[in-house]
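Reader: Could you take me through this model? I would like to discuss its aromatic residues, its backbone and its pockets.

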Amino acid sequence: AQTVIGKVSGSIEKLIDVGSENELQKMNMTTLFKGNAEAAEEMFDKISQYGKVTVYDKAGLIDAQKTMMSFGLTGEKSFETLKQIGDIAMGDKQKMQSLALAFSQATSAGKLQGQDLMQLINAGFNPLQVISERTGKSMSVLKDEMSKGKITADMLSQAFQWATDEQGLFYNGAEKAGTTTV
């Protein structure tokens with residue numbers, strides 16, 4: 001009887017912990033949405049749904065979302081970018097966090113800088129390569145433009161979009177990673 005009671009008690013504690021964590025995450029999200037609980041709840045639900053169709057856990061997705069929003073990205077824009085980052089990271093949670101941080105830093109600065117480019121490359125994504133493939137500009141021209149501050153945050157965002165659209169290398173990468181049997 002004590003074993004059964006212990007198991008039931010442990011299960012109840014886990015449910016309470018999960019419920020408490022969800023409430024904390026919702027509160028944090030509400031803060032990022034400047035007190036708009038409805039918008040925060042909507043975003044929380046979107047992230048929860050995205051987590052169900054990918055290999056990413058909700059807490060990791062919320063952390064990446066919070067990173068982007070803390071750098072000034074708006075909720076909806078940051079969620080679309082979160083999905084693109086999820087595709088590019090192809091199921092790797094650490095790469096997703098690195099990509100979110102580097103993207104956020106570059107967006108906050110308004111342009112892609114060398115250190116952000118290196119962070120993106122180290123996480124498995126070279127936006128200059130994608131821009132080169134889509135525009136026909138050489139890598140050397142793009143690197144020169146970057147050194148002059150001419151690779152804007154909008155161009156970086158476009159590279160993420162291109163990398164994850166139907167012609168992109170990372171199209172549906174997160175969903176594909178979620179269906180592997182490894």
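**Aromatic contacts and pocket**

Author: F170 is buried, at a relative accessible area of 10%; buried means under 20%, exposed over 50% and partly exposed in between, with a 1.4 Å probe and protein chains only. The model is predicted: local features need pLDDT of at least 70, side-chain atom pairs count only at pLDDT 80 or more, and totals for chains, interfaces and linings use all residues. Residues are numbered from 1 along each chain as its sequence is written, and side-chain values use heavy atoms, with hydrogens and water left out.

Reader: How many aromatic pairs are there?

Author: The count comes to 4 aromatic pairs. Rings of Phe, Tyr and Trp (its six-membered ring) pair if their centres lie within 6.5 Å; planes under 30 degrees apart are stacked, over 60 edge-to-face and the rest tilted. One of them is F103 with F160, edge-to-face at 4.9 Å centre to centre and 70 degrees between the planes. This pair links distant parts of the chain, since F103 is in helix α5 (residues 93-109) and F160 in helix α9, 57 residues apart. Helices are DSSP runs (H or I, at least four residues), numbered from the N terminus.

Reader: Are F103 and F160 buried or exposed?

Author: Both F103 and F160 are buried.

Reader: What geometry do F125 and F170 have as a pair?

Author: F125 and F170 are edge-to-face, 6.0 Å centre to centre with 75 degrees between the planes. F125 lies in the loop between α6 (114-122) and α7, and F170 in the loop between α9 and α10 (173-178), so the pair ties together parts 45 residues apart in sequence. F125 is buried, with a relative accessible area of 2%. F103, F125, F160 and F170 form one aromatic cluster.

Reader: Changing topic, where does N172 lie, and what is its phi?

Author: N172 is in the loop between α9 and α10. Its phi is near 55 degrees, a positive value in a residue other than glycine. N172 counts as partly exposed, at 29% relative accessibility.

Reader: And the largest pocket: what is its volume?

Author: The volume is about 160 Å³. A pocket is an open set of points on a 1 Å grid over the protein atoms alone, where a 1.4 Å probe fits, with protein on both sides within 12 Å along at least five of seven lines; lining residues have an atom within 4 Å of a point. Of the 13 lining residues, the closest to the centre are V130, E133, A163, L169 and F170.

Reader: Which helix supplies the largest share of the lining?

Author: α7 does, with 4 residues.

Terms used: Points joined across faces, edges and corners; volume = space filled by probe spheres on them. Helix = DSSP H or I, 4+ residues; strand = E, 2+ residues; numbered from the N terminus.
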